Amino acid sequence: MPDFIPVHQTPAWQALQGLAQAGLPSLRELLSDPDRNASLHAQACGIRMDFSHQRVNAKVMQALQALATATHVDAQLKAMVQGECINTTEQRSVLHMALRGSHRPDPPWGAAISAQVATQLNKVCAFAQQMRSGACVGFSGQAITDVVNIGIGGSDLGPRMASMALQTPANTAVRVHFVSNVDAWSLQHTLQTLQPATTAFVVQSKTFTTQETMTIAASARRWLSDGGCSTPLMSRHLMAVTARPDLALAQGFDAAHIFELWDWVGGRYSIWSAIGLPVAIAVGDTAFRDLLQGAFDMDAHVQSSTPDSNLPLLMALLGIWNRNFLRAESLHIAPYASCLGLLVPYLQQMDMESNGKSTHIDGSAVQVGTSPLLWGGLGIDGQHAYFQMIHQGTHLVPTDFIGVTTEHSGLPLAAEHHRVVLLNMQAQAQALAMGRTVQETQTLLQDSGMSESEAAELAPHRSYAGNRPCTTLWLEAITPRSLGSLMAMYEHKVFYQAAIWGIHAYDQWGVELGKTLAKHMESRA
């Protein structure tokens, strides 16, 4: 690749600055164009993206595409796919795409890596089915009915989110629980309804030295022992996912219950590896493989699509326009499907741990804003909380709405519930874009019977500036495959933004700082 040039020094960036300074018509005016709707849509891997409510026009989109070209995003993607050492501060490749592509013929990362991935994937899926069939028994000979995942960060957020999104009463052969907080109450709250004889633990730690995880695991062992489990039978209740199988063996884990990681698996991108074991146990091996297939579909999309149809690239470019040129410091994510209730915490780690950086890849200081503050939650709940600030506050907050067109809960009146959900989501997108002027509000108030003076007094308080940008992502249904595509889409969006900003997305030295200080303080205590 050419020599590194800080992004703010490129002509493409300066052209975008000129467009932003010149200003754009409001969304109200932009949306009045009947041709706009057709031109600002894209679709791939079962996801439909409507970005007609973003504050962009054809000139802005062309300039953003020029920025992607100027920063060589295609070459950077190719380097990652081929297993080059793009995480240079840790001297590691970044191959989460290999985790869902081991079936790919002639893999660019090499057949040896695909073979390792396939071996562990088959081991995970076989064990999950064994667990779900009742073949795994505890110290008393009873089948394991509950599995507690012990992990933190990427060892918790992804598996927890996906299990919640996909698990239904129909596929719940084994109940899966999650503990990540080292606060003793968290573990106690989980264990109080479980029985030692029928409970197993998955201990997830890449190094198998993570302080929080190993502290919780020690208490889990004590709980099993106090519940009647002898030391020789303890291994029936313990599984390990780690890049250090030697340490797991030394701590008494059975080799058949140890699932391996590699140093090129980043924690926040690790659900596709053996870290996904609790997901496979929760929903079955077929569903877990479908989850990986959905991510593989998105991987294929980004490698074959044109820039103007590449969903993650479009999302990345719109995010950069909002963050760097419209000066929006945060991104609000609003899923309108209850099963996606944990999507935002998962995306928070993916985005902010990856792109919360202030140093370019060449060591120079970044001169532009990087990762936005990512926040949000279920849209229906947010409408009764922080949507007030988004509509009438002083912050400009772009929003990603996530909607599902179909509903399969089986509730007798489910269709009516779903109609109300989607009506609310679409109304919020429209309200954020269009707003309501003081004059429009005053007229409405007077039409409702209020006097002219009362209406004039209240109108400023009940008016909305609008012009708040948003994107709506539509999924036909939440399935393992569509969820995998959605997750991978956000992964690639984060990659593209890092590539454009010229920062390292795959290290996390800010996280390591706290861990190092905690160990230092402990050694001095």
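1. Ground rules first. This is a predicted model, where local features need pLDDT of at least 70, side-chain atom pairs count only at pLDDT 80 or more, and totals for chains, interfaces and linings use all residues. Residues are numbered from 1 along each chain as its sequence is written, and side-chain values use heavy atoms, with hydrogens and water left out.

2. How many cavities turn up? There are two of 30 Å³ or more. A cavity here is a set of points, on a 1 Å grid over the protein atoms alone, where a 1.4 Å probe fits but cannot get out; points are joined across faces, edges and corners, and the volume is the space filled by probe spheres set on them.

3. The largest cavity comes to about 190 Å³. Its lining (residues with an atom within 4 Å of a point) has 19 residues, with M315, L318, G319, N322 and L331 nearest the centre. Eight of the lining residues are nonpolar, seven polar and four charged (Ala, Val, Leu, Ile, Met, Phe, Trp, Tyr, Cys and Pro count as nonpolar, Asp, Glu, Lys and Arg as charged, and the others, Gly among them, as polar).

4. Helix 14 (311–325), strand 8 (330–335), strand 10 (399–404) and helix 21 (480–501) each give at least two residues to that lining, and helix 14 gives the most, with six. Helices (H or I, at least four residues) and strands (E, at least two) are DSSP runs, numbered from the N terminus.

5. The second largest cavity is about 70 Å³. Among its lining residues are W262, W272 and F288. Helix 7 (111–133) and helix 13 (285–304) are the elements giving two or more residues, with helix 7 giving the most, four. This lining has nine nonpolar residues, two polar and no charged.

Terms used: On a 1 Å grid over the protein atoms alone, a cavity is a set of points where a 1.4 Å probe fits but cannot get out, and a pocket is an open set with protein on both sides within 12 Å along at least five of seven lines; lining residues have an atom within 4 Å of a point.
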